[in-house]
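User: I would like to go through the labels attached to this model and hear what each of them rests on.

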Amino acid sequence: GPDLLPDLDWLERTLGERNPIGKTGGQGRVRLVTLVTPCNPTGANVPQGLVDRAVNLCEAYGAWLFLDHAYAHFIHDGSRLATRTGPHVL
């Protein structure tokens, strides 16, 4: 359910507070965000829209996004693995 998915409103607030747009460097900046999908241990598969939003937020605020698909082989319900590439995506 939605309670098992990442809270991207929280991520946006945190990036906005710690990584002001137009300012580089500084103590406490978020440099890397990790998104594991499907999640372990819940098995929640993050939908494409949330992955896209996480990519866009990290790019806007100058943070890297690490998409961890280590558990991709555990998707058994026919849903698709959401992924994305881009200049701020590892």
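The questions below take up these labels in turn.

Analyst: This is a predicted model, in which local features need pLDDT of at least 70 and side-chain atom pairs count only at pLDDT 80 or more, while totals for chains, interfaces and linings use all residues. Residues are numbered from 1 along each chain as its sequence is written, and side-chain values use heavy atoms, with hydrogens and water left out.

User: Why is Leu57 called buried?

Analyst: Leu57, which lies in helix H2, has a relative accessible area of 8%. Buried means under 20% relative accessible area, exposed over 50%, and partly exposed in between, with a 1.4 Å probe and protein chains only, so Leu57 at 8% counts as buried.

User: What makes Leu32 partly exposed?

Analyst: Leu32 is placed in strand S1, and because its relative accessibility is 48%, it counts as partly exposed.

User: Which residues does Leu57 contact, leaving aside its neighbours within four places in sequence?

Analyst: With contact meaning heavy atoms within 4.5 Å, Leu57 is in contact with Leu8, Leu11, Glu12 and Leu15. The C-alpha atoms of Leu57 and Glu12 are separated by 6.6 Å, although these residues are 45 apart along the chain.

User: What makes a nonpolar core, and which residues of the largest one touch the most other members?

Analyst: A nonpolar core is a set of buried Ala, Val, Leu, Ile, Met, Phe, Trp, Tyr and Cys residues joined through side-chain atoms within 4.5 Å. The largest has 20 residues, of which Leu15, Leu35, Val51 and Leu65 touch the most other members. Two or more residues come from each of helix H1 (8-18), strand S1 (32-36), helix H2 (48-61) and strand S2 (64-68), where helices (H or I, at least four residues) and strands (E, at least two) are DSSP runs numbered from the N terminus. H2 gives the most to this core, with six residues.

User: Where is the cis peptide bond?

Analyst: The cis bond joins Thr37 and Pro38, with omega about -5°, and Pro38 is found in the loop between S1 and H2.
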